[in-house]
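Welcome, and thanks for taking a look at this one with me.

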Amino acid sequence: IDHYYEQNHVKPPDMVYLSNHLTLVHHQSGFVFKFSAQDALLGCLLSNKKKSDSGHDATHPPEVVKCRFAKEWETRKKPDDVKELEMTYDWTFTTDYKGSVSTKSDCTTPSFSEPIQTTTETINMPLLQREEPILWFDVVPLFEDELHDNGASTLSVKVRVMPSCFLCLMQHYVRVDGMLIRLYDTRVFHEFGKNYLIREIQQREQTFESLRKHGVPCSSQFLSDLIALSRRIPPSTCITERID
């Protein structure tokens, strides 16, 4: 773990699960889709903020936010022997990572078209809402951090498989106390019998000031309820892609 962070110039979150991942493999075509902590943390590097796995700026990299005490600290006179650190990563661990597409290492002739394109096709919600048995469900934590007691930053993936389809939901939650809330949802949906995935990316962000103006409760209990937050904060970015 120490070698990984030294190599990529990233301070580790309080809890990071580098061996955790959710990997989808189609053996016939060699197609691989993966959610992993290692790849996600690369998105925290300031030098990588404008890069994406699909080769274009699918999302808008957010600005690095300062904690609520920053203005007070900036007005204080600094001792001559205190130097300002040059940050190479986002201290809130905000990442616009949305999964990685690759080819099986033992596949010499992949039979899938890797380019990712935006689409008007949406996730089949009626199919997801159909009463079907859940064949498999799991939650994969990727990292967690308390931001030096200034909030929270978490990343995890949920997956459920039904007889007709499967759905993966990666949720990235960032709360900087007194400053802002970020909620990034990435859904990957596949309907069995079709030869492609649908990926939906939604980004939500709201300052505490704006939340209060709109009557949104800022209690710790409410701000930890991701479902309630997603209902009260409209998405600022919503992109749907087809991965063939």
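1. By class, six nonpolar, five polar and two charged residues make up the lining of the largest cavity. Please keep in mind as you read that this is a predicted model.

2. On volume, the largest cavity comes to about 90 Å³. The structure holds one cavity of 30 Å³ or more.

3. Now to the charged pairs. Side chains of opposite charge can pair when their charged atoms come close. Searching the whole structure gives 10 salt bridges, and a few of them are worth a visit.

4. Start with Arg187, which forms a salt bridge with Asp185, with 3.9 Å between the closest N and O atoms. Are these two partners buried or exposed, or something in between? Arg187 has 23% relative accessibility and so counts as partly exposed. Asp185 counts as buried because its relative accessibility is 2%, and the cut-off for buried is under 20%.

5. Arg187 also forms a salt bridge with Glu200, and here the closest N and O atoms are 3.6 Å apart. Because Arg187 lies in strand 9 and Glu200 in strand 10, this pair ties together parts that are 13 residues apart in sequence. Glu200, at 14% relative accessibility, counts as buried.

6. Next, have a look at Arg199 and Glu241, whose side chains meet in a salt bridge at 2.8 Å, N to O. Which parts of the chain does this pair tie together? Arg199 lies in strand 10 and Glu241 in strand 11 (residues 237-243), so the pair links parts that are 42 residues apart in sequence. Arg199 counts as buried, with 0% relative accessibility. Glu241 is buried too, its relative accessible area being 0%.

7. Finally, step back from the single pairs. Salt bridges that share partners join Asp185, Arg187, Glu200 and Arg204 into one network.

Note on methods. Residues are numbered from 1 along each chain as its sequence is written. This is a predicted model: local features need pLDDT of at least 70, side-chain atom pairs count only at pLDDT 80 or more; totals for chains, interfaces and linings use all residues. Side-chain values use heavy atoms; hydrogens and water are left out. On a 1 Å grid over the protein atoms alone, a cavity is a set of points where a 1.4 Å probe fits but cannot get out, and a pocket is an open set with protein on both sides within 12 Å along at least five of seven lines; lining residues have an atom within 4 Å of a point. Grid points are joined across faces, edges and corners, and a volume is the space filled by probe spheres set on the points. Ala, Val, Leu, Ile, Met, Phe, Trp, Tyr, Cys and Pro count as nonpolar, Asp, Glu, Lys and Arg as charged, and the others, Gly among them, as polar. A salt bridge is a side-chain nitrogen of Lys or Arg within 4 Å of a carboxyl oxygen of Asp or Glu. Buried means under 20% relative accessible area, exposed over 50%, partly exposed in between (1.4 Å probe, protein chains only). Helices (H or I, at least four residues) and strands (E, at least two) are DSSP runs, numbered from the N terminus.
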